[in-house]
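Q: I would like to learn how to read side-chain packing from a coordinate file. Can we work through one case?

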Amino acid sequence: MSNFTTKEINSLVALLRYGLFGGPLPQVLPTSEAQWQSLYDLTRQQAITALAYDAILRLPADRRPPRKVLFHFTSLVQTIESDNRQREKALSDLATICNERLGLQLTVVKGSSLASRYPKPLHRECGDNDLFTGADTGRLKTLLESMGIAIDSKDPRHIAFVYENTTFEAHTYLLYHNDDPQWHSDQSHSAYSVLRPDEEAFFLAKHCEHHSVFFHNPVRLRTLIDWCLLLKTEGFDFARYDRLKKGTDVEVFADLMTLYCNELFGVGLRNNTDMNLKNLGAADFEKIYMHCPERHKLALVRVTRRSAKYILYWKKYRMIYGQSMFRRFYFNNLKVAAKQHRYRR
């Protein structure tokens with residue numbers, strides 16, 4: 001969010017808090033067409049345009065954006081809904097085929113699984129369909145090839161393919177070092193299953209942390225909203241979730257993200273005393289995981305920026321990971337990059 005002002009970011013957060021989590025009517029909102037246009041651009045960057053639109057429609061008429069900007073919101077929301085309907089249909093059709101021909105019930109991760117927890121599932125922006133097919137990935141690959149569908153098998157974690165104009169990734173394993181726990185599926189749909197909420201939270205924390213650290217991508221507001229709604233799932237098993245993440249590289253990260261969500265959206269997901277925060281605060285999560293410059297084309301610049309950040313926050317990183325980030329990233333994750341590069345050649 002580095003291209004936007006603090007005022008713009010705060011306005012958007014207040015709007016989301018109002019629209020999704022029962023927060024108060026935002027006191028500071030854009031007042032000009034240019035300001036509303038900039039907020040619209042911010043929603044697109046954060047992949048939450050439809051969620052902001054829902055909140056805008058709840059505002060008093062005199063606080064809403066000008067007609068021109070509102071039209072931009074409306075047009076994009078209609079596109080998001082259409083894309084999600086197509087993606088969901090492709091998922092349902094593929095799940096039916098797998099059930100009928102292989103006796104296999106697909107397990108969906110992220111995407112449709114997270115969207116089902118939203119007030120309006122079609123308003124969560126999604127990309128591809130992620131599946132966990134485990135030991136059945138080879139059987140699925142054989143079936144798809146018999147249907148004339150091209151398979152990309154370069155990544156050892158998953159196969160990728162396009163079905164009904166929708167991209168799918170079917171994962172043999174979900175985590176990044178082939179150290180998955182035993183996953184368990186819950187039936188949520190007539191055609192497919194999802195992970196248990198506590199397991200999906202563990203996977204989402206792993207996925208989010210990996211992209212933030214390994215690819216130096218800032219955590220987006222959409223991910224934080226996913227996190228809030230997932231942990232607010234009725235009957236969420238926090239004791240089992242804590243056991244899953246204990247001793248892993250997201251044990252502190254996940255609790256720190258929860259703390260940040262509590263302060264950002266006022267959701268009260270957990271008490272601080274129930275979390276392993278190591279004397280870290282919400283501001284530490286924001287500085288480390290939300291403030292990341294856009295990827296520079298020169299590797300030297302990227303390394304310099306990353307190294308400077310590791311030095312600046314070295315005490316914080318050690319509290320989070322129990323080791324230097326130079327060791328964690330350069331000694332461990334670069335081996336993963338080299339391995340992935342070999343598969344992609």
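What follows is a dialogue on cores, cysteines and aromatic rings in this predicted model.

Q: Which residues have the most contacts inside the largest nonpolar core?
A: That core has 83 residues, and those with the most contacts inside it are Leu221, Leu224, Ile225, Trp227, Phe265, Phe285 and Tyr289. Helix H10 (residues 251-265) supplies the largest share, ten residues. A second, separate core has 22 residues, including Cys98, Leu104, Val108 and Phe161.

Q: What does Ile225 touch, leaving out residues up to four places away in sequence?
A: Its contacts are Leu16, Leu20, Phe21, Ile48, Leu51, Tyr118 and Phe265.

Q: How many disulfides does the structure hold?
A: A disulfide is a covalent bond between the sulfur atoms of two cysteines. Here the count is zero. For Cys228, the nearest cysteine sulfur belongs to Cys261 and is 3.8 Å away, whereas a disulfide needs the two sulfur atoms within 2.5 Å. Cys228 is buried, at 0% relative accessible area.

Q: How is an aromatic pair described?
A: One gives the distance of the ring centres and the angle of the planes. Trp183 and Phe202 are a tilted pair, with 6.5 Å between centres and 40° between planes. Both residues are buried. For Tyr310 and Phe326 the centres are 5.5 Å apart and the planes at 85°, so this pair is edge-to-face. Tyr310 lies in helix H12 (residues 299-312) and Phe326 in helix H14 (residues 325-344), so the pair ties together parts 16 residues apart in sequence. Tyr310 is buried at 3% relative accessibility, while Phe326 is partly exposed at 31%.

Q: Where does the charged end of Arg58 sit?
A: It is over the ring of Tyr18, 4.5 Å from the ring centre. Arg328 lies over the face of Tyr321, at 4.2 Å from the centre of that ring.

Methods
Residues numbered from 1 in each chain as written. Predicted model: local features only at pLDDT ≥ 70, side-chain atom pairs only at ≥ 80, totals over all residues. Heavy atoms only, no water. Core = buried A, V, L, I, M, F, W, Y, C linked by side-chain atoms within 4.5 Å. Buried < 20%, exposed > 50% of the residue type's maximum accessible area, 1.4 Å probe, protein only. Helix = DSSP H or I, 4+ residues; strand = E, 2+ residues; numbered from the N terminus. Contact = heavy atoms within 4.5 Å. Phe/Tyr/Trp six-rings, centres within 6.5 Å; stacked < 30°, edge-to-face > 60°. Lys NZ or Arg CZ within 6 Å of the ring centre and 35° of its normal.
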